[in-house]
Amino acid sequence: MTTTTNKNGDQGTVQELLPHCNPEDQRAIKPVLEQLSALGTGQPIQPSPEIAAILAAPSGGEQQPTPLNGLRRRSRRTAITILAVTVSLGAGSTAAAAATDEAFRTNLGNSISAIISTITGGHINPAGKPSNGHNPEQKPQHPAPVPGPGNHGDGQGKAPAGPGAPSEPAPKETTAGPNNGPATGRAPEPKTSQPTVPGRRL
Amino acid sequence: MGVDEPSDGGTFDLDRAHPAEAFSTLYRMLSRPVHGYLQARGVEDPEGVTQDVFLALYPRMATLHGGFEGAKTLIFPIAHARAVDHYRRREKVPASASYDPEADRRTTASAYDASFPGDGILDVLQALPEDYREVLRLRVIAGLSIEQTASIMSRTSGAVKQLQRRAIAGLKEQLLNREQGSE
C-alpha cells in the first residue's frame, strides 16, 4: 500500500473531512483544518543525542538503546541509598547506646579486645594484663637461629643456648638461667616482642 | 502494503529494510507529526516526549510489519500513552509555563495576554470535548485512517466517523462563536 506522508499536509485527510460540510461551511472550516494539519508538517525534530547516535549508524550493528537503563540506575541508586541510611542509623544507635550506658561500653571494649586477641594470637588482652599467667613477651615469634658447632656467628654473644640444648627452639632461650649465653645473662626486657636472641640469619 | 512512499519521492520497503535504517526513515517522516500530535495535546515538552516515543519504538523495530501504515499504528499509540502519562504526572505537579522575553512583543498588554494570545488553532481545538479533539488530532495531524484512529481510541470505525462529523460541526460552531464575539 502506497501512502502519502504529512509532507503534503495531509491534504487527503482534510479533503476527506470537508464533504461532511456544506460548501459555505467548507470555506470556513478548510483553513482551520489546514492550520491543524500544518502542526504535523515541517522538518524533522532535532534529534536528541541518543536518537542522533542511532541515526548516525543506520545500517550498523549498534547496540539497541534501552530506555530502561535510567530506571535501573535509579533503582540501584535507591538500593544504595537505603543501605547507606540503614548502616548510618545502626552506627548512630550504637553510638547513642555507648554514650549512655557504661556497661555497654565496657562490654563492647572487652568484645573488641577479645576479637583482636583472637586474631593476633593473644598478644593483647582486654585489661592489658598477661593472660593465663603466661607472659607472651617471653614467647618469641620465631625460633631463634642457634649456632651449631659449624655455625659461625658474629661472635657478639648472640648464641644463647647452653651447651645442653644446641638445637632447641627459642622458647627456652629467654629463660634466665645459668646456661644462658653471655649476652643473655640479664633479665629479658618486658616490653619487647623481639626474641631475646636477635641473631643474624646466615 | 509494505512499499511506501517516503518524503523524498522514492520508494522504500520498511519491512525489508535494516531496522536502524527503517528507524531513520520513520524518524524523518513521522517525528514532526508525532510532535504536532503531542503539541496539540498540550504536552509541555513535545520535542522531548517525541524523542522518548522514538526511543520506545526502536527496540520494537525488529517486529515492525505492515510498512509505513503499520509503523504509524505502532508509533501513535506510544505517543498517545506518553501524553496520558504526561497528564497523570501533571495532576500531581503544578503546571509550569515558559516565558521567553525575546518573544514578548507587548507594549502595554499584560505578559499573560502576550504569551497566551488566545486566538490560535489550539485554543479553538481546546474548546471542543476531548473525544472530538482526539479524533481531529489523530485524523488531521497524525494522518491516521479511520481504522487506525478507531484502534487507538478503542472504538468502532462507525463511532469514529460519527465523532469526526460531530467534531467538524463543533469546530464550525466554535468559529461562529468567535466571529460573533469579535463583532
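Residues are numbered from 1 along each chain as its sequence is written, while chains are lettered from A and ligands numbered from 1 in the order in which they are written. As the model is a prediction, local features need pLDDT of at least 70 and side-chain atom pairs count only at pLDDT 80 or more, with totals for chains, interfaces and linings using all residues; side-chain values use heavy atoms, leaving out hydrogens and water.

To start with chain A, its pattern along the sequence reads α-α-α-α-α. That makes five helices and zero strands, where helices (H or I, at least four residues) and strands (E, at least two) are DSSP runs, numbered from the N terminus. Chain A has 202 residues, and 20% of them count as buried. Here buried means under 20% relative accessible area, exposed means over 50%, and partly exposed is in between (1.4 Å probe, protein chains only).

Next come the charged pairs. Side chains of opposite charge can pair when their charged atoms come close. Over all chains, the structure holds nine salt bridges, a salt bridge being a side-chain nitrogen of Lys or Arg within 4 Å of a carboxyl oxygen of Asp or Glu. One of them pairs Glu16(A) with Arg139(B), with 2.8 Å between the closest N and O atoms. Glu16(A) sits in helix 1 (residues 11-17) of chain A and Arg139(B) in helix 6 (residues 130-141) of chain B, so this pair joins two chains. Glu16(A) is partly exposed at 41% relative accessible area, whereas Arg139(B) is buried at 1%.

Helix 6 of chain B also has pairs of its own. Glu130(B) and Arg133(B) form a salt bridge, their closest N and O atoms 2.6 Å apart. These two are separated by about one helical turn, because they are three residues apart in the helix. Glu130(B) is partly exposed at 33% relative accessibility, but Arg133(B) is buried at 13%. Glu134(B) and Arg137(B) meet in a salt bridge too, at 2.7 Å from N to O, and they are likewise three residues apart in helix 6 of chain B. Here Glu134(B) is buried at 4%, and Arg137(B) is buried at 2%.

His35(B) belongs to helix 1 (residues 19-40) of chain B and is buried, with a relative accessible area of 7%. Leaving aside neighbours within four places in sequence, His35(B) is in contact with Ile45(A), Pro46(B), Glu47(B) and Thr50(B).

Glu47(B) turns up again in a negative surface patch, together with Glu50(A), Asp45(B) and Asp52(B). Patches are made of residues with over 30% relative accessible area and no salt bridge, with like charges joined within 9 Å and nonpolar side chains (Val, Leu, Ile, Met, Phe, Trp, Tyr) within 5 Å. Lys and Arg count as positive and Asp and Glu as negative, with His and the chain ends not counted; the place of a charge is taken as NZ of Lys, CZ of Arg, CG of Asp or CD of Glu. Asp52(B) lies in helix 2 (residues 46-57) of chain B and counts as partly exposed at 36% relative accessibility.

Notes:
Accessible areas come from the Shrake-Rupley method with a 1.4 Å probe; for residues, only the protein chains shown count as cover. Contact means heavy atoms within 4.5 Å.
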